[in-house]
Amino acid sequence: MKNSTLLKVLKTVFVIAGAKFLIKAVMEKRGRKKADSKKLLPADSVYRDKIKRILDCVLALFVIFAGAVPMGIVAAAIKLDSPGPVLFKQKRLGLGGQEFEIWKFRSMYLNAEHAGSGVYSGKEDDRVTRVGKVIRATSMDELPQVFNILRGEMSLVGPRPPLTYHPWPIEEYTKEQRKMFAVRPGITGWAQIHGRKDVEWHRRIELNNWYVDHVSFELDLKIFVKTIFKVLTNADNVNKGKTLQKDT
């Protein structure tokens with residue numbers, strides 16, 4: 001019964017958001033030449049500041065209710081596979097550059113981030129558990145972040161939140177680079193569909209800033225659909241090397 005009600009609410013929200021987008025598109029098309037199909041409109045402030053948060057919460061609740069059993073199975077498998085907690089919690093930089101604690105299903109052995117290649121994890125990384133290999137390949141390790149969304153710390157779509165110390169501390173971001181913190185960080189984002197884990201950090205921040213300047217329902221939908229394709233094909237899901245080029 002709860003799932004049925006939630007599905008109805010989800011459908012209603014998407015219909016309203018879709019209608020808003022279509023009406024806006026028709027109105028803007030009148031009286032001007034057809035725009036370049038590759039060019040997107042500036043950020044939609046109404047969607048960004050109001051509608052986006054509502055959609056985030058509805059979708060997060062839907063995932064929690066619909067995915068309760070699969071997430072329970074993953075949690076049990078992690079617990080049986082290796083010693084340690086089910087969740088991996090890590091400090092990240094979020095909205096306004098403020099620190100928050102991101103949640104993931106643990107895919108590595110305890111204290112793995114302080115051993116081996118550190119923040120970089122390659123294809124044959126022996127720090128990854130047996131269950132970890134599966135949930136990383138399917139991106140199921142990211143599912144607990146729906147709770148970060150409900151807590152107001154994240155969004156479904158937005159710049160991926162960086163570590164507090166990597167690529168560099170918040171104090172070392174330039175004024176232009178700090179623009180990426182003007183919106184809530186996301187589970188997926190514009191940079192993730194343009195290379196995912198293989199994008200160098202300066203370029204990644206440029207992509208994040210571009211997203212901030214153009215955020216809209218149309219863009220978020222495009223990112224969401226392309227993310228599903230990337231997850232299903234497991235594309236760009238392995239670090240091929242260090243993604244930080246230091247100035248010399």
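**Largest nonpolar core.** I started with the largest nonpolar core of this predicted model. I counted 26 residues in this core. I then looked for the members that touch the most other members: Tyr 47, Ile 149, Met 154, Leu 156, Trp 190, Tyr 211 and Ile 223.

**Where the core comes from.**

**Second core.** I also found a separate core of 8 residues. Among its members are Trp 168, Ile 170, Tyr 173 and Ile 205.

**Tyr 47.** Which residues does Tyr 47 contact, leaving aside its neighbours within four places in sequence? I listed Lys 52 and Leu 55. I also listed Val 215, Ser 216, Phe 217 and Asp 220.

**Whole chain.** I went on to the fold as a whole. I read 7 helices and 4 strands in the protein chain. Their order along the sequence is α-α-α-β-β-α-α-β-β-α-α. I took the contacts with a separation of 6 or more and asked what share joins residues 24 or more positions apart. That share is 72%.

**Burial and surface.** Of the 248 residues in the protein chain, I have 44% as buried. I put the accessible surface of the chain at about 14400 Å². Carbon and sulfur atoms hold 61% of that surface.

Key: Residues are numbered from 1 along each chain as its sequence is written. This is a predicted model: local features need pLDDT of at least 70, side-chain atom pairs count only at pLDDT 80 or more; totals for chains, interfaces and linings use all residues. Side-chain values use heavy atoms; hydrogens and water are left out. A nonpolar core is a set of buried Ala, Val, Leu, Ile, Met, Phe, Trp, Tyr and Cys residues joined through side-chain atoms within 4.5 Å. Buried means under 20% relative accessible area, exposed over 50%, partly exposed in between (1.4 Å probe, protein chains only). Contact means heavy atoms within 4.5 Å. Helices (H or I, at least four residues) and strands (E, at least two) are DSSP runs, numbered from the N terminus. Accessible areas come from the Shrake-Rupley method with a 1.4 Å probe; for residues, only the protein chains shown count as cover.
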